[in-house]
Amino acid sequence: MKNVIKNTKKGILMVALLATVTGFANDNENIIIKKGAEKTSVVIENVKAGNTLTIKDSYNVTLYKELIETSGLYTKGFNLTELPDGDYVFELEKDLEINMIPFNVTSNIVSFNKTDEATYFKPFIKQEKDLVYLTKLNLNEEATSINIYTYINGDYELAHSEKMSKGQIIEKVFQLEEGNYKIQINSGTKEYTKFINN
């Protein structure tokens with residue numbers, strides 16, 4: 001198979017992209033969980049329209065999903081005591097990060113542990129002509145793989161693959177020949193997909 005992808009270096013633009021990603025990472029939303037006898041109130045400051053709030057179970061099945069329609073302060077009450085015993089997570093998905101707030105339900109009692117909260121950073125992908133810039137904060141240094149598929153004869157075929165396990169910042173630039181591509185990034189337990197038409 002012919003080589004349709006070239007790794008290339010563009011230092012100045014990568015610094016600009018990294019500054020953009022870091023700006024999002026420093027934009028900490030203040031998430032407050034208030035637990036009552038039956039209702040749990042979720043209060044989030046500085047949400048943006050288009051953010052998504054979900055509740056998932058331990059099998060990653062989405063039990064509740066809401067597209068936030070108004071920027072500013074979000075507040076909502078949830079009756080989590082009705083859930084079956086088990087582990088769950090609130091996920092607030094923003095432009096470049098996902099805030100995860102796990103909780104447990106046991107005998108109709110809901111408990112949160114602040115130390116289990118985590119933030120996962122999504123990759124930032126930008127296309128300029130035949131160049132694709134990929135930047136991702138990887139503060140936990142999780143194993144990350146990048147797979148680029150090219151669309152040939154009605155199906156996507158693997159054109160490039162690489163794995164990384166070290167480094168808190170992933171910066172890559174790919175030069176793509178004309179065509180349609182699928183970029184798939186796997187980091188930890190998360191998978192992100194982006195389609196590129198060049």
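View 1. In E6, Val-43 has Thr-75 as its bridge partner. The two strands concerned, E3 and E6, pair in the antiparallel sense over six bridges; strands count as paired if DSSP finds at least two bridges between them. Helices (H or I, at least four residues) and strands (E, at least two) are DSSP runs, numbered from the N terminus. Together with E2, these strands make an open, antiparallel sheet of three strands in the order E2-E3-E6. Strand E2 (31-35) and E6 are the edges, each with a single partner strand, so one side of each has no neighbour in the sheet. From one strand to the next, the twist averages 15°; axes here are lines fitted to C-alpha atoms (for helices over the stretch in contact), and angles run from 0 to 180 degrees between N-to-C directions.

A word on the model before moving on: it is predicted, with local features needing pLDDT of at least 70 and side-chain atom pairs counting only at pLDDT 80 or more, while totals for chains, interfaces and linings use all residues. Residues are numbered from 1 along each chain as its sequence is written, and side-chain values use heavy atoms, leaving out hydrogens and water.

View 2. In soluble globular proteins, nonpolar side chains tend to be buried together.

**View 3. Phe-90 and Thr-54 in contact.** Beyond its neighbours within four places in sequence, Phe-90 is in contact (heavy atoms within 4.5 Å) with residues including Val-42, Leu-53, Thr-54, Ile-55, Met-100 and Phe-112. Thr-54 lies in strand E4 and is buried, at 7% relative accessible area. Buried means under 20% relative accessible area, exposed over 50%, and partly exposed in between (1.4 Å probe, protein chains only). Not counting residues up to four places away in sequence, Thr-54 touches Thr-62, Tyr-64, Lys-65, Val-89, Phe-90 and Glu-91.

View 4. Glu-91, one of the residues touched by Thr-54, forms a salt bridge with Lys-190, and their closest N and O atoms are 3.2 Å apart. A salt bridge here is a side-chain nitrogen of Lys or Arg within 4 Å of a carboxyl oxygen of Asp or Glu. Glu-91 sits in strand E7 and Lys-190 in strand E17, so the pair ties together parts that are 99 residues apart in sequence. Both residues are buried.

**View 5. Asn-186 and Glu-191 in a four-stranded sheet.** In E17, the bridge partner of Asn-186 is Glu-191. Strand E16 (residues 180-187) and E17 pair in the antiparallel sense over eight bridges. They belong to an open, antiparallel sheet of four strands, ordered E14-E13-E16-E17. At its edges are strand E14 (155-164) and strand E17 (190-197), each pairing on one side only. Neighbouring strands of this sheet are turned by 20° against each other on average, direction ignored.

View 6. Glu-117 and Lys-114 meet through their side chains in a salt bridge (3.6 Å, N to O). Glu-117 is partly exposed at 32% relative accessibility, and Lys-114 is exposed at 59%. Another salt bridge joins the side chains of Lys-126 and Glu-128 (3.4 Å, N to O). Lys-126 is partly exposed at 33% relative accessibility, as is Glu-128 at 32%. Elsewhere, salt bridges that share partners join Lys-56, Glu-91 and Lys-190 into one network.
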